[in-house]
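Look at the model first, then read on.

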Amino acid sequence: MQNTRLTNLVDSIASRLGEWFLNPWRRLSLLLINFFFGFFLGTAISTIAGQRGVLDIVIAGFLVVLTEVTSRIFYSSSFLAKRSLLVESLNVLKVGFIYSMFVESFKLGS
């Protein structure tokens with residue numbers, strides 16, 4: 001890629017954000033926000049898919065594939081040997097999503 005002012009700006013913003021998230025409390029707060037967003041996303045998707053009543057099986061299959069791909073990315077040793085913040089955030093989002101699905105299934109079972 002060419003060395004333009006825009007690429008320099010994007011690179012400097014990315015490096016500053018990376019340095020900013022090196023603080024353990026900021027990293028933990030970002031991961032906690034991702035967990036809660038995953039929980040919200042799971043509740044919203046299950047509510048919308050259940051309300052419409054069409055393509056329930058297709059949506060469920062797509063969500064299972066999406067969570068399995070996320071697990072494959074996070075737990076593979078060859079993809080990213082050093083777990084970056086993006087991959088770790090994606091995994092925490094997945095955990096919140098799966099936890100939300102369990103809570104929704106308990107609500108439906110009672």
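Is Leu6 buried or exposed? Leu6 is exposed, because its relative accessible area is 60% (buried means under 20%, exposed over 50%, partly exposed in between, with a 1.4 Å probe and protein chains only).

This is a predicted model: local features need pLDDT of at least 70, side-chain atom pairs count only at pLDDT 80 or more, and totals for chains, interfaces and linings use all residues. Residues are numbered from 1 along each chain as its sequence is written, and side-chain values use heavy atoms, leaving out hydrogens and water.

Leu6 sits in helix α1, residues 5-20 (helices are DSSP runs of H or I, at least four residues, numbered from the N terminus).

**The salt bridges.** Side chains of opposite charge can pair when their charged atoms come close. The whole structure holds 2 salt bridges (a side-chain nitrogen of Lys or Arg within 4 Å of a carboxyl oxygen of Asp or Glu).

| Salt bridge | Closest N and O atoms |
|---|---|
| Glu88 with Arg27 | 2.9 Å |
| Glu104 with Lys107 | 3.0 Å |

Glu88 lies in helix α4 (residues 85-109) and Arg27 in helix α2 (residues 24-52), so this pair ties together parts 61 residues apart in sequence. Glu88 is partly exposed at 23%. Arg27 is partly exposed at 23%.

Glu104 and Lys107 are 3 residues apart in helix α4, about one helical turn. Glu104 counts as buried, at 14% relative accessibility, whereas Lys107 is partly exposed at 49%.

Methods. Helix = DSSP H or I, 4+ residues; strand = E, 2+ residues; numbered from the N terminus.
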